[in-house]
Amino acid sequence: MKALVVLFLVNLTALFAFGQNATEVLKKMDETIYAPKDQTISIKMTIYDKNGKSSVREANTLQKGYDKRIFRFTSPASQAGIGILSLPNDVMYLYMPAYEKERRIASSAKNQNFAGSDFSYDDMESKSYAEKYDAISLKNEGNDYILELKPKPTHQTDYTKLIITLGKDNYYPKKVQYFDKSNKQIKELNNQKIEKKGNYWVATLFEMKDLRKGTRTVMEFTSVKYDSGLSDDEFTVRKLVQK
Amino acid sequence: MRKLIVALIWLYVINSAIAQTDGQNWKGYLQPDYRVNLHNGLWLWSENRLTLGWNKSFEDKAKITTDIWFRTLGNPSDPNWIKLPEVREAKIDVYDFLIPKLDLSFGRQRIKWGTADKVNPTDNLNPHDLEDIWDFGRHKPSDAVVLKYYPDEQTKIEGVYLPFFQALNMPAGVYSTILMPDFSFPDSMTIRQKPGYPPLPLPSKIGIQVDTVILQYINPDFSAKNFSFAFRLSRQVKGIDLSASYHYGYDGIPVPAVANIALDSLNFLQNRSYISVTTQLIYPRLHRIGFDIAGNLKGLGLWGEACLTIPDKDYVLKVNTPDINQVIGIDLGIISEVSDSVIFRKNKPWLKYVVGADYTFENGVYTNFQYLHGFLHERTNKELNDYYLLRLEKRFLNDKLKLAPISGGFVINDYNDVFSNYAWMWIPECSYYPNDNTEISLGVKIIDGTGKGTFNSLKDFDECYIRVKYSF
């Protein structure tokens with residue numbers, strides 16, 4: 001009986017330590033992704049349909065810390081000027097020049113595709129993984145960690161599970177697999193061209209595949225600038241409608 | 001047509017001259033929009049719209065924005081087919097004007113207030129542009145000075161000064177009478193004799209029927225004293241957007257102020273006389289107190305918006321009756337009278353409001369529901385109807401196709417007799433996006449109803465429409 005109790009305690013301790021480890025890795029991954037104080041990025045987004053036909057969108061984005069992002073299309077003409085402001089407390093605003101004013105985005109809409117791409121509004125939201133997901137398990141696989149995440153009860157998402165492959169050396173995610181309610185993988189994000197720029201690890205090419213539709217979107221950073229001292233004022237509705 | 005071609009050449013020359021300069025941006029769209037009556041095959045609407053917008057930013061300090069519409073509207077055989085170019089926007093924004101976080105916007109502009117979807121009770125600074133009655137929420141631009149101050153990231157204080165009065169645009173073409181204010185007259189006129197005249201066997205009332213009505217629109221003077229102003233305080237509190245506003249200004253829809261009656265014929269025997277009425281219409285001044293809220297609850301987008309309207313005084317229709325003695329040619333001491341009618345009472349404000357929600361289901365179906373008490377042109381509590389609006393849409397084929405099979409609404413004019421006073425609209429629409437810049441929309445509008453009410457009068461105008469928009 002004593003042996004059983006000891007075994008149970010050992011298992012519990014191991015489980016606790018294991019879970020904590022996964023959480024720590026998740027935390028380190030967030031710290032790596034969001035290490036720059038701020039980022040100013042120009043983006044080229046190429047959307048491929050299932051026949052391989054492509055269309056290109058261009059955008060600028062500003063990011064500050066974990067939770068403030070402003071994203072704005074610059075082309076094509078039908079999309080130019082459309083902007084999204086992502087703020088803490090699940091607040092997202094959409095600005096459409098034709099509509100002439102900002103509009104709140106309901107969180108139910110965050111699972112929809114963003115501007116015809118394979119990224120959803122949720123994917124584009126500026127929020128750390130740890131804020132949205134709990135780390136469930138961690139595996140070692142060669143030079144990589146395999147991290148399994150489950151959405152927090154407070155986070156409304158169509159994804160029921162995320163499996164992230166990240167480098168042990170830099171904690172930067174290489175691949176993210178997204179699963180639906182039936183535990184079927186529905187999307188896959190591959191981060192490419194991962195390199196260290198200055199003090200920060202960064203991927204400058206992202207490919208999101210929608211496995212259900214056979215489509216994919218490639219997002220490439222055509223220019224990136226770090227720590228230029230962006231003020232909080234840049235991440236306001238004022239700036240969203242001003243540009 | 002020549003005017004349009006000259007205008008396009010002129011714009012091309014300007015564009016060529018300056019388009020290469022940094023910081024400038026030309027944009028616009030071309031939108032043909034044709035609608036045909038499903039009952040009789042007559043064209044209801046034919047519009048070709050070319051918009052050209054130019055803007056230039058001066059870093060983060062200022063921005064100039066212009067937008068001009070060139071249009072052909074109506075029947076091509078009509079000499080008024082081509083509309084003059086219309087300046088929809090011509091404004092200068094100066095950021096951090098005088099002090100940090102104070103922005104000035106000066107010139108012709110659209111000032112959009114309210115958080116509801118398209119039908120906004122608090123969006124009253126620009127007069128409504130009802131030219132196309134199906135383009136809800138379209139407003140005319142106004143010449144204005146707007147100051148916006150952002151004391152912190154969550155707060156905005158706005159002050160608006162509108163120096164000039166502008167009337168609204170009433171519906172065009174076949175829809176021109178749809179929203180016309182009801183100028184119904186009493187069906188009888190009281191008559192009596194002055195004391196001291198030989199008594200005549202006159203009825204106490206004579207029935208009257210209006211032959212012709214002439215409307216004279218009396219605009220406020222083009223004077224500095226006839227300005228309007230407004231304030232608005234907006235704040236985000238724990239993820240909820242709140243705002244309160246006050247606006248003192250003219251209503252773009254006139255009210256009858258004086259009616260001069262002229263007798264066309266007089267018939268005591270049949271008790272039926274015919275009259276012509278010349279009605280002077282003035283634009284009332286109103287106080288408007290607004291409030292709106294928008295937020296998010298369990299994935300549901302929610303909004304509410306209300307506007308309390310208080311007339312600045314009692315607005316009474318004064319009726320000047322004809323001198324019957326003069327009509328007869330003998331002074332018989334007959335006096336005719338029609339009671340004055342009260343249009344608005346200062347102490348009888350009315351409240352328009354809208355509440356709505358939207359939700360996107362996991363399968364991508366977007367739904368939007370709004371309950372609206374009081375449509376754009378409705379005023380006073382007895383005129384406000386209830387509107388239940390619903391839209392369901394879903395995108396297919398990688399967002400190339402958008403279907404809205406359920407779109408429309410139900411209008412209730414009188415809850416005590418719903419089946420005799422209602423209207424419904426069904427406006428399914430299919431939009432196809434063959435490329436990034438092109439949108440082709442095809443749809444029908446089916447309207448039916450009974451009793452009084454604006455939308456009931458549209459039931460003979462069921463239509464099929466096609467609209468193509470190319471953005472550049």
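The side chains of A:Glu188 and A:Gln185 meet in a polar contact of 2.9 Å in this predicted model. A:Glu188 sits in strand 11 of chain A, which covers residues 185–197. A salt bridge needs the nitrogen and the carboxyl oxygen within 4 Å. Setting aside neighbours within four places in sequence, the contacts of A:Glu188 include A:Lys175, A:Val176, A:Gln177 and A:Tyr178, plus A:Glu207, A:Met208 and A:Lys209.

Now for charges that do pair up. Over all chains, the structure holds 45 salt bridges. One of them links A:Lys181 and B:Glu362, with the closest N and O atoms 2.6 Å apart. A:Lys181 is in the loop between strands 10 and 11 of chain A and B:Glu362 is in the loop between strands 19 and 20 of chain B, so this pair joins two chains. Both of these residues are exposed.

Other pairs stay inside a chain. A:Asp210 bridges to A:Arg212 at 3.2 Å between the closest N and O atoms. A:Asp210 is buried, at 2% relative accessible area, whereas A:Arg212 is exposed, at 55%. In chain B, B:Arg391 and B:Glu393 form a salt bridge with closest N and O atoms 2.8 Å apart; B:Arg391 is partly exposed at 23%, while B:Glu393 is buried at 16%.

Finally, chain B has a network of salt bridges whose members include B:Glu47, B:Arg49, B:Arg71, B:Lys83 and B:Asp129.

Methods:
Residues are numbered from 1 along each chain as its sequence is written. Chains are lettered from A and ligands numbered from 1 in the order in which they are written. This is a predicted model: local features need pLDDT of at least 70, side-chain atom pairs count only at pLDDT 80 or more; totals for chains, interfaces and linings use all residues. Side-chain values use heavy atoms; hydrogens and water are left out. Helices (H or I, at least four residues) and strands (E, at least two) are DSSP runs, numbered from the N terminus. A polar contact is a pair of N or O atoms within 3.5 Å; within protein, one must be able to donate a hydrogen and the other to accept it, and residues adjacent in sequence count only if both atoms are side-chain atoms. Contact means heavy atoms within 4.5 Å. A salt bridge is a side-chain nitrogen of Lys or Arg within 4 Å of a carboxyl oxygen of Asp or Glu. Buried means under 20% relative accessible area, exposed over 50%, partly exposed in between (1.4 Å probe, protein chains only).
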